[in-house]
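The sequence and structure are shown first, and the description follows.

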Amino acid sequence: MYYDIANGLAEAFNKTLCNLLKKVVSKFKRDWHERMEEDLWAYMTTYRTPTQATLYLLIYGVEAVLPLERQIPSLRLAIQEEITNEENARLCLEELETLDEKRLESQQSLECYQARLSRCFNKKGVP
C-alpha cells in the first residue's frame with residue numbers, strides 16, 4: 001500500500017490474470033473461479049523473456065512436472081525414480097546450490113532487459 005512500484009507490479013499481474021481469464025471463461029462468465037487454478041498454473045509455467053526462465057523454476061529451483069508427465073512417465077521421471085536415496089540427496093543439494101546462480105542470472109537478465117527498454121524509450125523521447 002505504501003510502495004507505489006509494488007502496486008504497479010500487482011496491477012500488471014491483475015491485468016494479465018484478467019486477460020487470461022477472459023480467454024477461457026464461458027459465455028456467461030460465471031465459471032471464472034473454476035478456471036483460476038488453470039490460469040495461475042499457465043502463468044507460473046510460461047517462459048519469460050526478460051528472466052530467461054519460468055516463474056516456477058525461479059521459485060522452486062526445478063522445472064514443473066506437467067500432469068501429463070505423471071500419467072505417461074517421461075525420461076526425466078524414469079531416471080529420477082531409479083536413483084538411490086543418497087544420490088537423490090546429492091542431486092537435491094546440487095539443485096539448491098545452482099538455484100541461487102539461476103536466480104542471479106535471471107536478475108541480471110532482467111536488469112539488462114529493463115536497461116534496453118529504458119534506452120528505447122529515451123530514444124523515442126518518452127521519459
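Two residues are said to be in contact, or to touch, when heavy atoms of theirs lie within 4.5 Å. The model discussed here is predicted.

**Overall architecture**

The protein chain comprises six helices and two strands. Followed along the sequence, these elements are arranged as α-α-β-β-α-α-α-α. Of the 127 residues in the protein chain, 16% are buried. The protein chain exposes about 10,500 Å², and carbon and sulfur atoms account for 59% of that area. When contacts between residues at least 6 apart in sequence are considered, 38% of them join residues at least 24 apart.

Helix α3 spans residues 55–60 and contains I59. With neighbours up to four places away in sequence set aside, I59 touches M44 and R103. I59 and M44 are 15 residues apart along the chain, and their C-alpha atoms are separated by 9.4 Å. The relative accessible area of I59 is 44%, so this residue is partly exposed.

**Aromatic pairs**

The structure holds three aromatic pairs. One of them is formed by W41 and Y56, with an edge-to-face geometry: the distance is 5.9 Å centre to centre and the angle between the planes is 65°. This pair links distant parts of the chain, since W41 belongs to helix α2 (residues 32–44) and Y56 to helix α3, 15 residues apart. For Y56 and Y60, the ring centres are 4.7 Å apart and the planes stand at 50°, so this pair is tilted. Y56 and Y60 are both in helix α3, four residues apart, which is about one turn of the helix. Through such ring pairs, W41, Y56 and Y60 are linked into a cluster.

**The strand region**

Strand β1 (residues 47–48) includes R48. Is R48 buried or exposed, and how far away is the nearest side chain of opposite charge? R48 is buried but has no salt bridge, and the nearest side chain of opposite charge, D39, is 11 Å away. A salt bridge would require a side-chain nitrogen of Lys or Arg within 4 Å of a carboxyl oxygen of Asp or Glu. Apart from neighbours within four places in sequence, R48 is in contact with Y43, A53 and L55.

The loop between β1 and β2 (53–54) contains Q52. Most residues other than glycine have a negative phi. Q52, which is not a glycine, has a positive phi of about 60°.

**Cysteines and accessibility**

How many disulfides does the structure hold? The structure holds zero disulfides. A disulfide is a covalent bond between the sulfur atoms of two cysteines.

| Residue | Relative accessible area | Class |
|---|---|---|
| W41 | 33% | partly exposed |
| Q52 | 44% | partly exposed |
| Y60 | 52% | exposed |

The class of Y60 follows from its value of 52%, because a residue counts as exposed when its relative accessible area is over 50%. W41, at 33% relative accessibility, is therefore partly exposed, because this class lies between the buried limit of under 20% and the exposed limit of over 50%.

Note on methods:
Residues are numbered from 1 along each chain as its sequence is written. This is a predicted model: local features need pLDDT of at least 70, side-chain atom pairs count only at pLDDT 80 or more; totals for chains, interfaces and linings use all residues. Side-chain values use heavy atoms; hydrogens and water are left out. A disulfide is a pair of cysteine sulfur atoms within 2.5 Å. Buried means under 20% relative accessible area, exposed over 50%, partly exposed in between (1.4 Å probe, protein chains only). Lys and Arg count as positive and Asp and Glu as negative; His and the chain ends are not counted. Accessible areas come from the Shrake-Rupley method with a 1.4 Å probe; for residues, only the protein chains shown count as cover. Rings of Phe, Tyr and Trp (its six-membered ring) pair if their centres lie within 6.5 Å; planes under 30 degrees apart count as stacked, over 60 as edge-to-face and the rest as tilted.
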